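Biologist: Can you walk me through this one? I'd like the layout before the details.

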Amino acid sequence: MPDSDSWVHEATATAEGGHLHTDDGELSTPLASPLAPHCTGLAPEQLLAAAFASCLHHAAVEAATGITDEAHTVQVRAQARLARDSDGLYRADVRASIASVGLNRDQLNDLARYADQLWPFANGSGRSTLTVGPAEPRRR
């Protein structure tokens with residue numbers, strides 16, 4: 001992992017009270033809850049699919065610039081599924097596909113392989129971490 005001073009991009013988001021927002025205000029949306037079916041808004045699997053599609057799209061466009069002049073035609077579709085294991089823990093399955101106008105099958109395979117290597121969530125890459133801990137108490 002890079003030193004904390006070398007990160008290029010950073011964002012913070014907060015989910016509370018049935019709402020999600022980024023601290024910069026660019027995203028603000030109500031949240032659905034699997035525990036409260038009456039809630040409306042985006043569900044966790046929708047947000048997960050959108051996040052993976054966004055990350056992979058960025059990597060795929062970068063990868064496509066070395067393969068085609070049509071990098072602007074890159075399309076990424078991500079499907080995220082959530083399930084509960086018998087022990088009650090959530091399990092996620094995310095699958096993504098990459099398309100681009102005018103590329104043959106070999107070029108698309110190269111594009112997908114290169115993009116998968118670029119983004120930090122590649123299988124077994126060890127380039128992503130998730131740390132969950134208690135927040136500092138809020139001062140009121």
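What follows is a short chat about this structure.

Modeller: Keep one thing in mind: this is a predicted model.

Biologist: How many helices and strands does the chain have?

Modeller: The chain has two helices and five strands. From the N terminus on, the elements run β-β-β-α-β-β-α.

Biologist: What does the C-alpha trace span along its principal axes?

Modeller: About 55 × 40 × 30 Å.

Biologist: And the confidence? What is the mean pLDDT of the chain?

Modeller: The mean is 85. Of the residues, 91% reach 70 or more.

Biologist: Which element has the lowest confidence, and which the highest?

Modeller: Helix α2 is lowest, at a mean of 88. Strand β3, residues 28-30, is highest, at 95.

Biologist: Let's do the sheet. In what order do the three strands of the open sheet come?

Modeller: The order is β1-β2-β3, and the pairing is antiparallel. The edge strands are β1 (13-16) and β3, and each pairs on one side only. From one strand to the next, the twist averages 10°.

Biologist: What holds strands of a sheet together, in general?

Modeller: They pair through backbone hydrogen bonds, either parallel or antiparallel.

Biologist: Back to this sheet. How many bridges join β1 to β2?

Modeller: Four bridges, with the two strands running antiparallel. Ala15 has Leu20 in β2 as its bridge partner. The hairpin of β1 and β2 has two residues between the strands. In that hairpin, Gly17 takes a positive phi near 55°.

Biologist: And how many bridges join β2 to β3?

Modeller: Three, again in an antiparallel run, and β2 covers residues 19-22. Leu20 turns up here too: Leu20 stands opposite Thr29 in β3.

Biologist: New topic: helices. At what angle do α1 and α2 pack?

Modeller: About 125°, with their axes 8 Å apart. α1 spans residues 44-64 and α2 spans residues 105-118. That angle makes α1 oblique to α2.

Biologist: Is the crossing left-handed or right-handed?

Modeller: α1 passes α2 in a right-handed crossing.

Biologist: Which residues meet there?

Modeller: From α1, they are Leu56, Ala59, Ala60, Glu62, Ala63 and Ala64. From α2, they are Leu111, Tyr114, Ala115, Asp116 and Leu118. By class, the contact has nine nonpolar, no polar and two charged residues.

Biologist: Last topic, a loop. Where is Ala32?

Modeller: Ala32 lies in the loop between β3 and α1.

Biologist: How far apart are Ala32 and Gly18 in sequence and in space?

Modeller: They are 14 residues apart in sequence. In space they are 7.0 Å apart, C-alpha to C-alpha.

Biologist: Which residues is Ala32 in contact with, leaving aside its neighbours within four places in sequence?

Modeller: Cys39, Thr40, Gly41, Leu42, Ala43 and Pro44.

Definitions and conventions. Residues are numbered from 1 along each chain as its sequence is written. This is a predicted model: local features need pLDDT of at least 70, side-chain atom pairs count only at pLDDT 80 or more; totals for chains, interfaces and linings use all residues. Side-chain values use heavy atoms; hydrogens and water are left out. Axes are lines fitted to C-alpha atoms, for helices over the stretch in contact, and angles run from 0 to 180 degrees between N-to-C directions. Angles under 35 degrees count as roughly parallel, over 145 as roughly antiparallel, 65 to 115 as roughly perpendicular and the rest as oblique. A crossing is left-handed if the near helix is turned anticlockwise from the far one by less than a right angle, and right-handed if clockwise. Contact means heavy atoms within 4.5 Å. Ala, Val, Leu, Ile, Met, Phe, Trp, Tyr, Cys and Pro count as nonpolar, Asp, Glu, Lys and Arg as charged, and the others, Gly among them, as polar. pLDDT is the predictor's confidence in each residue, from 0 to 100. Two strands pair if DSSP finds at least two bridges between them.
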